[in-house]
Protein chains: 2
Amino acid sequence: MLSVDEARAKILGALKVTPPETIALANAYGRVTAVPVLARLTQPPSDISAMDGYAIRAVDAEAGAVLKVIGSAPAGHPFNGQVGAGEAVRLFTGSVIPRGADTVIIQENVTASGSTIHLTEAAGIMKNIRAAGQDFAVGDVLVPAGKLVNARDIGLAAAGNHPWVTVHQRPRIAILATGDEISLPGEAISDGGIVSSNAHMLAAFIMACGGEPVVLPIAGDNIAAIVEGADAARGADMLVTTGGASVGDHDLVQPALQARGLTLDFWKIAMRPGKPLMFGNLGTMPMLGLPGNPVSAYVCALLFLRPAITELSGLPAEAPVLETARLDSAMKPNDQREDYVRANLRRDGYEWVVTPFGKQDSGMLRTLANAEALIKRPPHDPGKKIGDIVEIIRLGAMGL
Amino acid sequence: MLSVDEARAKILGALKVTPPETIALANAYGRVTAVPVLARLTQPPSDISAMDGYAIRAVDAEAGAVLKVIGSAPAGHPFNGQVGAGEAVRLFTGSVIPRGADTVIIQENVTASGSTIHLTEAAGIMKNIRAAGQDFAVGDVLVPAGKLVNARDIGLAAAGNHPWVTVHQRPRIAILATGDEISLPGEAISDGGIVSSNAHMLAAFIMACGGEPVVLPIAGDNIAAIVEGADAARGADMLVTTGGASVGDHDLVQPALQARGLTLDFWKIAMRPGKPLMFGNLGTMPMLGLPGNPVSAYVCALLFLRPAITELSGLPAEAPVLETARLDSAMKPNDQREDYVRANLRRDGYEWVVTPFGKQDSGMLRTLANAEALIKRPPHDPGKKIGDIVEIIRLGAMGL
């Protein structure tokens, strides 16, 4: 059996980042930059006032001085004249400092009457002034390549005068759920049949990871349907299949797709839930075969599909972040498989407290939906008692 | 001056959750349920096999027994006959247990030859069987009302046969950036002018919080433009304004909108950055006035706008989650204002290590974009030394 880390490394090693595309900055949230965003201007463009007040000459800035206000320069309306001896220009936050002035006295330190101001405090040179280029200068890297764009990056790229950005294309992930027994919600359910939960769970999962899901029609357990499904996935960055294990999908998928250039590995992974996994290539398209069981499919998606989408997106792929939590109930020793145990979570001060659910049957989707965390247990992990510290994956923190 | 917590409580107290709408389950990721999702069927619908194997009578399940295989029932194709004494039916994971059988012997414990199987191990009663309703029964609450829908909830609602779900409408948040000095990226920049970073930073921020941004055209610093902007916001769940402080937006916004029924409070909040804040109602629409400075606007959005969107969405609003980190450099004592200090973050084992940036000028958007965390310092917080534990808000963890 393969370890989880070995399997993940094999998958990630076979993937290539998606090509770039140019999109509106307003659509860039959650995308990954393919080229750096360089400043197209200098910010601030000239020395500006950091406060509401008056631009004056520092040599005039004595307590008790009386100065003549010769103009006003709201932000966006620079004063075109020059500030001479004994003169002041009214300024506001963001106003350009007029020529001649070398300090700003804040309005709280001034008494204004008519066109004169009386300084009630002194001010040193270059006070309350933001120097040109203090934030960034033309050519500075505002957002490096390979960065997940957040709201602040969008603000910064806007400030640097970029209406467009070049990002990696969203990985298009085709989802092929297979099985004679499944139908979509609201459709007729066959005798002994169930409603497909994997296809749309995975579609939402893929969106949450930054991918673009393509839900293919459900394929029955026969070669023609599987060939048709795989053909519909053409052009995707990855094909994800689920299910079909009940009639030996190994035997169906491989002959069905061999003529399409399929090379496929079947792996037994030393993990619980979710032992069987397929990975290979359909021509140039990577293909990941998840178990049909929804709980196993989800945990495998978390451990293998999520990093794969990250890698395709242009970000460094990683295993889920592990945090620590204090156990609220005892756990038996683990066997040779890495175990992912569904659990409840609560906050106690700055610490997480975790309670594994009693029933861990992989057929119980509701237990998965109710879980706030998975407890990760290494192979042969000894028994745990109440109060022991364990490693957890916080599902809510990932929006998954 | 108002405390941050007092200001937030006043804002949240004035908000009403958005009305419901019915949407396709496939679009429900990140939405908030307005009514519970109840199971429309029982899962599994009947007793099913948890493994690949053979349905037999437990009384026949002795090691060494030889049984006759009378049929096969792949998942979705139930066996319509009955399993009698000495008989077996081939099953797969998910197959319905045929009448007469009361246990499943897994295929690993059987040697098959022709139409007979030889049991190599014994099996107890009801082994490897998932009982009908083990996951859920008709009428069970699958997703409660008021829950943020994740990928697993979508899978569970699908399994419960729901093609549609009823959720709260996404809060529509209109954004009105004001200022004579700002223009949008790619547009002509006036003398002394800068590019607007707030409008699209906030739009991305609002999307990340689950809202639907409506970016209004920039309004110049004059009454007619502000009236026009506010009129364009009609029907939104909230109007957010930014900027204009440099020419006294208090004085402009209030007379401009008084005829439209504006009631407005101006608050000085004991925080840094981002002291001035407006909150009020324009008719029935709540209005939040953020500072024009991008760093102040962002921090105010984090502390006030984010919980407001959460509250409008139908979730319990909360202050940002605080985590702890170990300081990597000393900090001076804080004054009377709650301080949010931009900082770098790194992981050391299970602990966060935080390094405040040297320059905290609120004019520096690049420092904000580079920050991984904000260190929260209470009013009058004493000086800190290297190794002290401080409270942080992890910006990356919120996708903001």
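Me: Where in chain A is the place of Pro44(A)?

Reply: In this predicted model, Pro44(A) sits in the loop between strand 2 (37–38) and strand 3 (48–49) of chain A, with strands (E, at least two residues) and helices (H or I, at least four residues) being DSSP runs numbered from the N terminus. The peptide bond that joins Gln43(A) and Pro44(A) is cis, with omega at about -10 degrees. Chain B has a cis peptide bond between Arg272(B) and Pro273(B), where omega is about -10 degrees, and Pro273(B) belongs to the loop between strand 19 (271–272) and strand 20 (276–282) of chain B.

Me: How are the residues, chains and ligands labelled, and what limits apply to a predicted model?

Reply: Residues are numbered from 1 along each chain as its sequence is written, while chains are lettered from A and ligands numbered from 1 in the order in which they are written. As this is a predicted model, local features need pLDDT of at least 70 and side-chain atom pairs count only at pLDDT 80 or more, whereas totals for chains, interfaces and linings use all residues.

Me: Why is Leu12(B) called partly exposed?

Reply: Leu12(B) has 17 other C-beta atoms within 10 Å, and that count falls between the two cut-offs, because a residue is buried if 20 or more other C-beta atoms lie within 10 Å of its own and exposed if 12 or fewer, with C-beta atoms placed from the backbone. Leu12(B) belongs to helix 1 (residues 4–13) of chain B, and, leaving aside its neighbours within four places in sequence, it is in contact with Pro307(B), Ala308(B), Glu311(B) and Ala317(B), a contact being two C-beta atoms, placed from the backbone, within 7 Å.

Me: What makes Asn128(B) buried, and what makes Met126(A) partly exposed?

Reply: Asn128(B) has 20 other C-beta atoms within 10 Å and therefore counts as buried, while Met126(A) has 13 C-beta neighbours inside 10 Å and so counts as partly exposed. Asn128(B) lies in the loop between strand 9 (116–119) and strand 10 (129–130) of chain B, and its phi is near 55 degrees, a positive value in a residue other than glycine. Met126(A) lies in the loop between strand 9 (116–119) and strand 10 (129–130) of chain A, and its phi, too, is positive, near 55 degrees.

Me: Why are helix 2 of chain A and helix 3 of chain B called roughly antiparallel?

Reply: The axes of helix 2 of chain A and helix 3 of chain B come within 8 Å and cross at roughly 165 degrees, with axes fitted to C-alpha atoms over the stretch in contact and angles running from 0 to 180 degrees between N-to-C directions. Angles over 145 degrees count as roughly antiparallel, under 35 as roughly parallel, 65 to 115 as roughly perpendicular and the rest as oblique, so the two helices are roughly antiparallel to each other. In this contact Ala151(A), Arg152(A), Ile154(A), Gly155(A) and Ala158(A) meet residues of helix 3 of chain B, including His200(B), Ala204(B) and Ala208(B).

Me: How many residues of chain B are in contact with chain A?

Reply: The contact brings together 72 residues of chain B and 72 residues of chain A. Helix 2 (151–159), helix 3 (198–208) and helix 6 (294–313) of chain B are among the elements that give two or more residues to the side of chain B that touches chain A.
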